[in-house]
Structure formats: structure tokens, C-alpha cells
Amino acid sequence: MRAVSAVLLLLLLGPAQVGAAAQAAPRELAAPATGGPAERTTLVRSGAGLVLAWTERTPQATQVRAALLGRGEGAAGTGATWRALGGVINGDARFNAAQLRSREGPGGQVWLGWAEDSGEAHVDSWLMSAWTGAAWSDPARYAVRRNLSDAGRSRAFDVLPGNVPTLAWTDVSAPGAVGDVVRPLSWQAQGGQDGTWVAGPVLSDPRAAAFAPDLRVRAGGLRTVTYLQGDFATMGVMTQRETSPGRWTPMGAAVNRAPNTFAADPQLALDAGGNPVVAWIEADPRPEGGPDRLFVSRWTGRAWQPLGGALPPAPQSAEAPALALTPGGEVRAAWLAGGQVRAARWTGKAWQSYALPDTRQATSPSLSPDGAYLAVSDGGRLRVWALPQER
């Protein structure tokens with residue numbers, strides 16, 4: 001009778017729920033202490049372990065800090081001891097930092113990038129700094145400072161093989177454009193520590209508005225950029241690849257599941273072959289509307305392949321997506337829904353959710369680039385989970 005009941009239970013649950021029940025739960029780790037409420041998180045791998053960086057509100061300003069979880073720390077059955085990486089990383093500790101991002105440079109060097117106000121009206125900066133092993137490099141060296149506050153709008157960065165950053169930029173002043181455009185910026189050295197940023201070709205259609213780029217560098221130093229393009233009410237998620245230095249080619253048409261829909265927050269990752277995987281938020285196209293959904297597609301070399309439908313549905317809209325690929329190529333995603341942090345893995349056939357605890361006040365989820373860790377700010381408190389290993 002017990003065996004018959006078990007079979008009936010399996011039939012009632014169905015394959016998706018059975019898979020979710022069989023999956024190991026994420027394991028929460030101790031998180032670094034903060035000196036004020038945490039706002040934005042970002043995770044990145046280094047040669048020495050896992051780095052968590054975050055912005056925190058203090059009486060002085062919103063400041064950037066980082067901590068290292070050494071290799072072997074936080075493994076099952078062990079504690080998690082975080083070591084602070086320097087102090088305040090801001091270019092100026094009196095000015096507010098926002099829009100924090102991270103990248104792994106050649107040899108496992110950690111890079112952080114962030115927007116920072118300048119204390120002057122209409123002037124903001126985009127700053128980048130690398131951990132040298134003993135200190136953070138001067139963020140002023142590669143700073144982009146722009147009037148009209150476009151330095152603080154939307155951009156992405158990655159690091160070239162020569163350990164020099166490169167940018168995908170939302171430019172508000174391209175000649176002949178009707179609105180913002182997306183273009184790459186490249187660092188041109190001028191001897192010693194000096195240099196300047198040189199704008200590359202406009203990637204987006206200058207007849208439409210474009211913004212929110214994400215950028216990844218693949219083997220050989222060639223770049224791939226994903227961005228939004230449209231009339232704001234309807235935005236296409238577009239991707240272009242650099243085929244040789246300075247020469248760019250579109251990768252298919254817009255990846256949106258429904259044409260002429262609102263889209264937001266494109267996220268880009270590259271697989272071992274350099275092919276992009278893209279995640280984005282897309283509005284429900286039905287006349288009666290519905291919650292915004294999170295979708296993921298992979299470039300096969302010829303076309304975009306949808307990875308299932310919308311990620312596990314919820315009555316709340318999805319927002320703030322994060323995307324990662326494991327060393328074995330498994331796609332993992334995290335996002336927010338009604339203040340709850342959610343995460344799932346692509347099994348090759350369906351999305352399988354992770355059983356995460358109640359958060360309710362979560363903001364800024366981030367995944368480590370290998371998909372092994374998830375971080376979030378929960379009501380101003382940092383929380384970190386180790387996700388189950390890929391199968």
C-alpha cells in the first residue's frame with residue numbers, strides 16, 4: 001500500500017515538482033558585516049577565492065566595500081570567514097556610489113566598476129579599480145567623467161587580456177542620433193600612466209533610443225554587447241559581436257519572445273565557445289496585461305534558441321535579473337519577485353527552482369560568474385548562499 005501511495009504521489013506532483021523536491025537546497029553562509037545598510041551586491045571570482053562587493057549607506061555617503069572568502073572557506077561543514085579587501089573603495093569617500101558591477105580580469109584579478117557623483121551639479125563619473133593583492137588601484141586612472149550626468153546613466157565594462165578595461169557606453173550626444181545610442185569605448189594609452197577613452201562605432205540604430213548595455217570579452221579580446229533598442233514603450237533586446245578589432249556584426253534580430261513589447265535589464269554571459277546567453281525582463285503582451293516575466297535564450301551559432309518559457313511563474317513581476325554559467329555550461333538565473341529572491345537552473349529541458357528562504361525585503365541579487373554563489377541585500381543585511389553543484 002505504501003508503494004502504491006508513493007506512485008500516486010509521483011503522478012500527482014508531476015515531473016517538474018518531483019525534480020524540485022529532489023534538488024538539494026542552497027546552503028546559507030555567514031556574510032560580511034557592514035557599517036551601514038547594504039544596497040547593491042556583486043560577486044566575482046578571484047585567484048584567491050570568492051569576492052563579494054557591495055555598496056552601503058553611511059552618514060558620509062554611499063560607499064563601496066569588498067571582502068574575500070578564501071578558497072576552501074565556507075565549504076560544507078566549515079565556517080565562512082570573510083577578509084576585508086581594503087577599506088572604502090570610492091574615488092572620494094564623501095561622494096555617493098551606485099550601479100556597482102564586477103568583472104574578473106586576466107589571471108583572476110578582481111575589477112570593480114561603479115557610478116559616483118562628483119559633488120558638482122550635472123557631472124558624474126564612472127570609475128573602475130582592480131585589486132592588486134594588497135590594495136585597490138587608483139580609480140581615477142580609467143575614470144570617465146561626463147557632463148549632463150551621462151556618466152551615471154547606463155554602461156557596462158569588462159577587462160581585456162592586457163588587463164585594461166573596456167566599456168559599452170550609453171552616449172547621449174552622438175551626431176545625428178535621435179536619442180541615446182550604445183557604442184564601445186576603448187582605452188588608448190599615451191605613454192606611462194596616461195591615456196584617453198576613444199569612442200567606437202555606434203552599435204545601435206541611431207533612429208531609435210538605446211541604452212542598458214551589457215558587455216563581455218571573449219577569447220582573443222573581442223567583445224560582445226547586448227543592449228535595449230526602441231521607442232521606450234517597445235524595446236528590442238539586441239546583441240552584436242566584434243568579429244575583428246573595431247568591426248561589429250549583429251547576432252540575429254531582437255531576441256524578445258513577443259515582438260513590440262516592453263523589455264528591460266538585459267544580462268549577458270558567454271559560454272566556453274564564446275557564444276552568448278542572454279536574460280531579460282519582458283512585459284506580458286496580452287491586452288489585459290500581467291506580471292513582467294524573465295526569459296533566457298542562447299545563441300547556437302546561427303540563431304537564438306529559447307531556453308523554455310518564462311522562468312517559474314509568480315503572481316508578482318520579475319525584476320533585477322542576474323545570469324551565470326557553471327563551468328559545465330549549466331545556465332543559472334536569479335531575480336526578484338515581490339521582494340523575494342528567486343533562483344533557478346536550466347536542466348536542458350525545463351527551469352528548476354531552488355528552495356530559497358523567505359526574504360521579502362530583498363534587493364540587488366547577484367550570482368558569481370560560475371553560478372556557485374548567490375548574494376542579496378535583505379532589508380539592508382547581506383546574505384549569501386552556496387548553490388548546489390551542477391549535476
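Two strands are taken to pair if DSSP finds at least two bridges between them; strands themselves (E, at least two residues) and helices (H or I, at least four) are DSSP runs numbered from the N terminus. The model is predicted, so that local features need pLDDT of at least 70 and side-chain atom pairs count only at pLDDT 80 or more, while totals for chains, interfaces and linings use all residues. Residues are numbered from 1 along each chain as its sequence is written, and side-chain values use heavy atoms, with hydrogens and water left out.

Strand β2 (residues 38–46) pairs with β3 in the antiparallel sense over seven bridges, and the two strands form a hairpin with two residues between them. Thr 42 belongs to β2 and stands opposite Ala 53 in β3. With a relative accessible area of 8%, Thr 42 is buried (under 20% relative accessible area; exposed is over 50%, partly exposed in between, with a 1.4 Å probe and protein chains only). The side chain of Thr 42 is joined to that of Ser 102 by a polar contact of 2.6 Å (a pair of N or O atoms within 3.5 Å; within protein, one must be able to donate a hydrogen and the other to accept it, and residues adjacent in sequence count only if both atoms are side-chain atoms).

Thr 166 counts as buried at 1% relative accessibility, and a polar atom of its side chain lies 3.1 Å from the backbone oxygen of Leu 185.

The structure contains 10 aromatic pairs, for which rings of Phe, Tyr and Trp (its six-membered ring) must have centres within 6.5 Å; planes under 30 degrees apart count as stacked, over 60 as edge-to-face and the rest as tilted.
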